[in-house]
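Q: I have a model open and would like to talk it through with you. Could you start with the overall make-up and then go into the details?

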Amino acid sequence: MRITNLHHFSENHSFCVYRDFGLGTVDGTMLSQVYQPMVGAFAISLYHLLVQQVPMEKVGYSPVEQQRRLFLTLGLEPSEKGRKLLVELTSKLEAVGLLQTSRIYLPENDDYLYEYELQAPLSPAEFFKTQHLTLLLRDKIGKFAVLSLQEQLWSKENGDFPGRSMNKENISVPFYEIFELNAHSIDYELEQAIAEVSISRQPGLRIAEEEGFNYADIILRFPRNSANRTYVEGLRYNTEQLGTVNYVARKYELSVQDLCRLLDEDDIFDPDGRILQEELERRANLFFRQEKKRKGERQVQGGKVISLRQQEHAGTNEAPLEHAVQMEFYVEVPPQFMEKCDIHQYNMMLRNEPYTRLLKTFFPGAIPDNLLDIFENIDHNYKLPSEVINVLIHYLMALLTSGGEQRINRNFVNAIASNMLMKQVNTYEKAVHYIREQAKVKVKNETAAAGAPAGRARPYSRNARLKPEIPIVQSTGTDQDGGVSEEEFAELIKMAEMMQAGKNNGI
C-alpha cells in the first residue's frame with residue numbers, strides 16, 4: 001500500500017471488502033503452512049479478518065464501515081504506530097498476491113474510501129510453478145522444507161496406475177450431446193434481470209478511471225519545481241478545470257506524460273490559475289500533428305521492412321488464392337502492355353498482384369523513389385486494399401498516356417485516394433466503377449469546354465488570346481498578274497534620263 005501521508009489513512013476512514021471466492025480446506029492449508037512463513041502470522045490474521053467481513057455463504061461486497069473496527073479487532077493502537085503497522089501488513093499481503101487495495105475519492109465528503117479486494121491463495125500446483133514465491137519460501141524455511149511441503153500437499157498416484165500412459169484417451173461426453181437448448185426463443189426479460197442483478201464485479205469505477213486522468217495521475221508525474229505546480233495543484237478541487245484537461249487529452253489522444261508536459265509550458269494558465277483552453281488546444285493540436293507525422297514515418301519504414309521480409313520468404317510460403325474478375329469489370333490494357341499480355345491476364349494481375357509488383361511491370365528498371373513513397377503512404381495510412389491501389393495506378397498511368405497529366409503529383413494522388421476512402425471504395429469492383437465514373441466526368445467537362453463560345457472565354461484561361469489579331473494587308477491578285485509593256489518601259493527610261501540631265505544643269 002503506497003501511503004505517503006498517514007493522515008490520509010487512519011481509523012476514521014471508511015473501508016469495504018470485496019471477495020468472489022470461498023476458502024476451502026486446501027486453501028486453509030496453503031495459508032497456514034505456505035503463506036504464513038512468508039508474511040507472518042499477524043498478516044494472515046488480517047487476511048482471515050477481511051475474509052469474514054463478507055458472509056461465508058455469499059460473495060461480493062461487505063458493508064461500508066470505519067477502519068476503527070479493524071484496529072480494535074487486531075488490537076492495534078489508533079495512532080501513528082498502529083497505522084504504520086496496518087500499512088505494513090496490507091503491503092505484505094499485496095506483495096504475495098493475496099490482496100489488492102484501492103483508494104476511492106468521495107468528492108461529496110472530501111474523503112477517501114478504501115476497498116480491499118481479496119484474492120484466493122494459489123493451489124499447490126500453481127504456487128510451486130511461481131518462481132519468485134518459491135524462492136521467497138526457500139529463503140524463509142529452507143530448501144528441504146520446501147520440498148517436504150510440496151510432497152505433503154501433493155498426493156501421488158499409485159504405482160500400479162499408469163497415469164501418464166500414452167494410451168490415455170479422453171472419453172468425456174460434451175454438453176450438447178446430452179442437453180438441447182431452445183435457441184429459437186430468447187427470454188429478454190431474463191437476460192435483462194440477470195444483467196441488472198449481476199453477481200459479478202461492477203467495473204463502473206474502473207471505467208471512469210480509464211475514460212480520463214484523475215488528479216493523482218497528473219500530480220504524481222508533474223515536476224515539483226515547475227512554475228505551474230501551484231496551478232496544477234488547484235485542479236484537485238476544481239472538477240470543471242479537470243474536465244477541460246481530460247477533454248483536450250481525449251480529443252488529441254494525449255498520454256498523461258504528454259499532458260503534464262503541456263501543462264508545464266508557459267502561458268497555459270492565466271494569472272488567476274485558470275486554464276487557457278484555446279492555447280492548450282492549439283499546442284495539443286501541434287503535438288498531435290507532429291506525433292501523427294512521426295507515426296506515419298515509422299509505419300512507412302516498418303512497412304518497407306515487412307515487405308522485404310515477405311519477399312525474402314515468398315518462396316517458402318504457399319501461393320495465395322487467386323480471385324477471378326468478372327467480364328463486366330474488365331479494364332482496357334495500356335499500350336505498353338499490348339504485346340506482353342492480353343486483357344484477361346492484365347485484369348488478373350490488377351486483381352491479385354501487390355502494388356509493388358505492378359509498379360515493377362510499369363517501371364522495369366527501377367521504381368522511382370518518390371513514386372514508391374506516394375503509394376507506400378497510401379497503403380499504410382489510408383489502408384486501401386492492394387487491388388484498389390492497383391486500379392488507382394492503372395487510372396493514373398492511363399491519364400499520363402492520354403496526356404491529361406504531365407506527371408504524377410503527390411497532392412493529386414492523395415486527393416484521389418482520399419476521395420476513394422470517403423466513398424468507401426474497398427473492393428476491386430468498386431474501384432473500377434469509380435474510375436469509370438471519373439472518366440465520364442472528365443469527358444463531359446472536355447466537351448463542355450470545347451463547345452463554349454469564343455467570346456465567353458475567360459481572359460486567364462490557357463487557350464485565351466491576350467491580344468487581338470491585327471489583319472495584315474495582302475497584295476491583290478491584279479497587282480500580281482499585271483505586267484509593264486516595252487513602250488511604257490522606254491518612256492520611263494527616257495523620263496529618268498531627262499530628270500537626271502536637269503539635276504546636272506542645276507549643279
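Q: How many helices and strands does the protein have?

A: The protein has 22 helices and five strands, where helices (H or I, at least four residues) and strands (E, at least two) are DSSP runs numbered from the N terminus. This is a predicted model, in which local features need pLDDT of at least 70 and side-chain atom pairs count only at pLDDT 80 or more, while totals for chains, interfaces and linings use all residues. Residues are numbered from 1 along each chain as its sequence is written, and side-chain values use heavy atoms, with hydrogens and water left out.

Q: What share of the residues is buried?

A: Of the 507 residues in the protein, 31% are buried, taking buried as under 20% relative accessible area, exposed as over 50% and partly exposed as in between (1.4 Å probe, protein chains only). The protein exposes about 35600 Å², of which carbon and sulfur atoms supply 53%; the areas come from the Shrake-Rupley method with a 1.4 Å probe, and for residues only the protein chains shown count as cover.

Q: Moving to the strands, which ones pair with E1?

A: Strand E1 (residues 14-19) is largely enclosed by the rest of the structure, because five of its six residues are buried. Two strands pair if DSSP finds at least two bridges between them, and E1 pairs with strand E3 (residues 65-66) in the antiparallel sense over two bridges, as well as with strand E2 (residues 60-61), again antiparallel over two bridges. Strand E5 (residues 111-118) runs parallel to E1 and is joined to it by five bridges.

Q: And which residues stand opposite each other there?

A: Phenylalanine 15 stands opposite glutamate 65 in E3, cysteine 16 opposite glutamate 115 in E5, and arginine 19 opposite glycine 60 in E2.

Q: Which residues have the most contacts inside the largest nonpolar core?

A: They are Tyr35, Tyr116 and Phe127, in a core of 42 residues; a nonpolar core is a set of buried Ala, Val, Leu, Ile, Met, Phe, Trp, Tyr and Cys residues joined through side-chain atoms within 4.5 Å. Among the elements that give two or more residues to this core are E1, E5, helix H1 (25-39) and helix H2 (41-51). The largest share, seven residues, comes from H2.

Q: What does tyrosine 35 touch?

A: Leaving aside neighbours within four places in sequence, tyrosine 35 is in contact (heavy atoms within 4.5 Å) with Met30, Gly40, Ile44, Val96, Leu98, Pro121, Leu122 and Phe127. A second, separate core of 41 residues includes Val325, Phe329, Cys341 and Ile416.

Q: Cysteines next: how many disulfides are there?

A: The count comes to zero disulfides, a disulfide being a pair of cysteine sulfur atoms within 2.5 Å. Cysteine 260 is buried, with a relative accessible area of 4%, and cysteine 341 also counts as buried, at 15% relative accessibility.

Q: Is methionine 327 buried or exposed?

A: Methionine 327 counts as exposed, because its relative accessibility is 57%. This methionine 327 is found in the loop between helix H14 (277-312) and helix H15 (343-352), and its C-alpha atom is separated by 9.9 Å from that of isoleucine 343, 16 residues apart along the chain.
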